[in-house]
Amino acid sequence: MQISVNGVTKAYGSKRLFEDVNVSFSDGRRYGLTGPNGAGKSTFMKILAGDLDPDTGSISRPDKTSVLRQDQFAFEESRVLDVVLMGNKRLWAAMQEKEHILAKEHISDEEGERLGELEGVVAEEDGYVADSEAAALLVGLGIADSQHARLMKELAGGLRLRVLLAQALFGKPEALLLDEPTNNLDLDSIRWLERFLEEYQGVLVTISHDRHFLNAICTHIADIDYETIIVYPGGYDEMVMAKSAVRSRVEQENAERGKKILQLQEFVAKFGAGTRASQVQSRKKQIDKLALTDLKKSNIARPFIQIAVKKPSGKQTLTIEHLGKHWDLPEHDGGGELVVSRDFNALVTKGEKVAIIGPNGVGKTTLCKMLVGEIAPDAGKLIWGHQVSIGYLAQDHRDGIPDNTTVNEWLYTFDGSATLSDVRSLLGKMLFTGDEGLKPTKALSGGEAVRLIFAKLMLTRDNVLVLDEPTNHLDLESIVALGQALERYEGTAFVVTHDRELVSTFATRLFAFTPNGLIDFRGTYDQYLETYGGPAPKKSVRPGR
């Protein structure tokens, strides 16, 4: 079984995403669909799923194709376990019809025969172990047994999306289309998902901004660039290296051909009107054969993030003494209390890079807000050192950007001495081109908002950064740029992220939320995994700029 794409073209107005694409996604292979924001990844995935028609061309897919849906409000009145079972449409329809017949007071002979047929369908679709298989998927994705009988509307939004992921995985689909499956997953759930997908036998196509995830599970990368889709063997990092090598080779060949063509043209110009006509004609034929390979412009663009420090902080940057914080949980979440920290102590010195990691809902954002003074602790205190200046990126990135201004005007508020040329140069590094500095801030996309906040941090040059989920809305190239910037940053950083590749890149220390509470781990992420269990992440070949 495979997914076949034949002559597919898609454009919106004058913007052509891809043209006359012919590609096959084969059974037993796992494809990562990559490309920068705006390249058309989600559009192409919708075409594969049959949710969107191409301008030209056709798609063929297996009958049993499962798609990750992101509509968390589609099953408000359904039980969590039932929503997962709906992922196998044939089984769910048979179970519903069977239940409807059995609810009748009298069953006719025809209905009795139909019950027999339905029992056959249930058996063929492994219906007698369906509940246990669905429950195992939910537990693997971090949804406890106690929540399986609850209605979807009683779950938080992030958990609902996990249920929809379990629905997509359920029922042994022949093809699996997953758009950002690691969104709203904590590190443990992501690792569980990786193990599950490595065992999957059908054809998988997935979009993800998690580079480690793509490197871990993908056998191939289908990259959207040059208005087409090119398939490379291996994971994401291998694709970047192969793509760069191919382009470099073609550019070098073009340069050598260009020199040869120039020499031949000089000969033709010098002797074209003379007695060496046969040699001139020979040179002209050589010129025709040496035509340069057309190199379309790549749509890949990586921002250049470089956050300097205006003034260094004191050596003892942050002292945390006996920090305590808890929240009372609402009844619909089971009541009780969430302990964020209890008697937590740490001394962070200048230049340390702290990754804040842990499952969703344990208090990572609360810790960030305590660090920047937006929330007070219940006990203990946080003491910032000499000349500390904090730059903050909130989890809801739009919170820090007012709606009633433009990109340029907002940046000027942080450095009145900056010239128009300074601001334009800074915005250019963050991929704002042309007149995009005049863009109203209320019209910014999620990725643009994050890049604008980084432009602001490059202006303010704070010596401490507190970044809460900075990779949200960023494409892979921007995440790589962020990791490199954090490595180069001379100040102190506290970063909440589920991106393991990013954590492995920059972190020298971890504040980790564990079953035993918040701990201070002095070491890298690889060392943390070795200490607390689980396989270390695969080593990546880090592509250059």
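Which residues form one aromatic cluster with F25? Select F18, Y31 and F44 alongside F25, and you have the whole group on screen.

Before going further, a word on what you are looking at. This is a predicted model, in which local features need pLDDT of at least 70 and side-chain atom pairs count only at pLDDT 80 or more, while totals for chains, interfaces and linings use all residues. Residues are numbered from 1 along each chain as its sequence is written, and side-chain values use heavy atoms, with hydrogens and water left out.

**The whole chain**

Zoom out for a moment. The C-alpha atoms of the protein chain fill a box of roughly 105 × 75 × 45 Å along the principal axes. Colour by secondary structure to see 17 helices and 18 strands; these are DSSP runs numbered from the N terminus, with helices being H or I of at least four residues and strands E of at least two. Of the 545 residues, 50% are buried (under 20% relative accessible area with a 1.4 Å probe, protein chains only; exposed is over 50%, and partly exposed lies in between). Among contacts (heavy atoms within 4.5 Å) between residues at least 6 apart in sequence, 69% join residues at least 24 apart.

**Aromatic pairs**

Rings of Phe, Tyr and Trp (its six-membered ring) pair if their centres lie within 6.5 Å; planes under 30 degrees apart are stacked, over 60 edge-to-face and the rest tilted. The count comes to 12 aromatic pairs. Return to F25 and Y31: their ring centres are 4.9 Å apart and their planes stand at 85 degrees, so this pair is edge-to-face. F25 is buried at 0% relative accessibility, and Y31 is buried too, at 1%.

Next, select Y528 and Y532, a tilted pair with 5.0 Å from centre to centre and 35 degrees between the planes. Both sit in helix α17 (residues 525–532), four residues apart, so about one helical turn separates them. Y528 is buried at 11% relative accessibility, whereas Y532 is partly exposed at 47%.

**Charges over rings**

Now pick K325 and W327. K325 lies over the face of W327, 4.4 Å from the ring centre; the rule asks for NZ of Lys or CZ of Arg within 6 Å of the ring centre and within 35 degrees of the ring normal. R451 is placed over the face of F432 in this way, at 5.2 Å from the ring centre.

**Two helix pairs**

Show α3 (residues 89–102) with α4 (residues 109–124). Their axes come within 9 Å and cross at roughly 150 degrees; axes are lines fitted to C-alpha atoms, for helices over the stretch in contact, with angles from 0 to 180 degrees between N-to-C directions. The two helices are therefore roughly antiparallel (over 145 degrees; under 35 is roughly parallel, 65 to 115 roughly perpendicular and the rest oblique). Residues of α3 that meet α4 include L91, A94 and M95, and the α4 side includes L115, L118 and V122.

Move on to α13 (residues 420–429) and α14 (residues 446–460), which pack at about 130 degrees with axes 9 Å apart. That makes α13 oblique to α14. Here L426, L427 and K429 in α13 meet L452, A455, M458 and L459 in α14.

**Last stop: a loop**

Where does T471 lie? Look in the loop between β15 (464–468) and α15 (476–488). T471 is buried, at 11% relative accessibility. Leaving aside residues up to four places away in sequence, T471 touches I479, L482, T497, D499 and L502.
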